[in-house]
Amino acid sequence: MKLSGQKILIYFSVLMVGFLLAFLFRHNILKGVGNLLIHNDSPVEVDALFVLGGDPGERATKAAELYHLGYTTRVIATGQRIPPLLEVLDTVISEAELTREALLQAGVDSSA
């Protein structure tokens, strides 16, 4: 099957329009794909709650909320990375320590 120059131009144009539309709507497409990957379960009571490294403030707030609702009696903060802003200020404190401080400020008992 031999393609003429006009058919190649049409295929190329359709492909370019498809790429342009995908680029223009990339945020909506990615949000839709992300929503497919999210699965929310109802919280259940656990022996220990692990707060992974990341945003210490936001994650500690949610962990404190679950602690106060009675889902756990023990909270374990993880995270060794030192946030870049603190590193610039020559402050050596890990995400785990920041999360611990945020948990204490949110009313989580220090023995937990």
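Helices (H or I, at least four residues) and strands (E, at least two) are DSSP runs, numbered from the N terminus.

I am working on a predicted model, where local features need pLDDT of at least 70, side-chain atom pairs count only at pLDDT 80 or more, and totals for chains, interfaces and linings use all residues. Residues are numbered from 1 along each chain as its sequence is written, and side-chain values use heavy atoms, with hydrogens and water left out.

**Overall layout**

I looked up the secondary structure and got 5 helices and 2 strands. Read from the N terminus, the order of elements is α-α-β-α-β-α-α. I then checked burial (buried is under 20% relative accessible area, exposed over 50%, partly exposed in between, with a 1.4 Å probe and protein chains only). Of the 112 residues in the protein, 17% are buried.

**Nonpolar patch**

Next I went to the surface. Patches are made of residues with over 30% relative accessible area and no salt bridge; like charges are joined within 9 Å, and nonpolar side chains (Val, Leu, Ile, Met, Phe, Trp, Tyr) within 5 Å. Accessible areas are from the Shrake-Rupley method with a 1.4 Å probe, and for residues only the protein chains shown count as cover.

I found a nonpolar patch made of Val17, Leu20, Leu21, Phe23, Leu24, Phe25, Ile29, Val33, Leu36 and Leu37, with about 1000 Å² of accessible area together. Helix H1 (5-24) and helix H2 (26-37) each give at least two residues to the patch. H1 has the largest share, with 5 residues. I picked out leucine 37, which sits in H2. Leucine 37 counts as exposed because its relative accessibility is 71%.

**Salt bridges**

My cut-off here is a side-chain nitrogen of Lys or Arg within 4 Å of a carboxyl oxygen of Asp or Glu. By this rule I count 2 salt bridges.

- Lysine 62 pairs with glutamate 65, and their closest N and O atoms are 3.4 Å apart. Both lie in helix H3 (residues 56-68), 3 residues apart, about one turn of the helix. Lysine 62 is partly exposed at 44% relative accessible area, and glutamate 65 is partly exposed at 39%.
- Arginine 100 meets glutamate 101 at 3.6 Å, N to O. Arginine 100 is partly exposed, with a relative accessible area of 44%, and glutamate 101 is partly exposed, with 39%.

**Largest pocket**

On a 1 Å grid over the protein atoms alone, a pocket is an open set of points with protein on both sides within 12 Å along at least five of seven lines, whereas a cavity is a set of points where a 1.4 Å probe fits but cannot get out; lining residues have an atom within 4 Å of a point. Grid points are joined across faces, edges and corners, and a volume is the space filled by probe spheres set on the points.

The largest pocket comes to about 150 Å³. Its lining includes Val75, Ile76, Ala77, Arg100, Leu103 and Asp109. Strand E2 (75-77) and H5 each supply at least two lining residues, and the largest share, 4 residues, is from H5. By class I get 8 nonpolar, 1 polar and 2 charged residues (Ala, Val, Leu, Ile, Met, Phe, Trp, Tyr, Cys and Pro count as nonpolar, Asp, Glu, Lys and Arg as charged, the others, Gly among them, as polar).

**Contacts with proline 56**

Which residue did I find with its C-alpha 6.1 Å from that of proline 56? Leucine 98 is the one, 42 residues away along the chain. Leucine 98 lies in helix H5 and is partly exposed at 25% relative accessible area.

Serine 94 is in the loop between helix H4 (84-88) and helix H5 (95-105). Serine 94 counts as buried because its relative accessibility is 8%.
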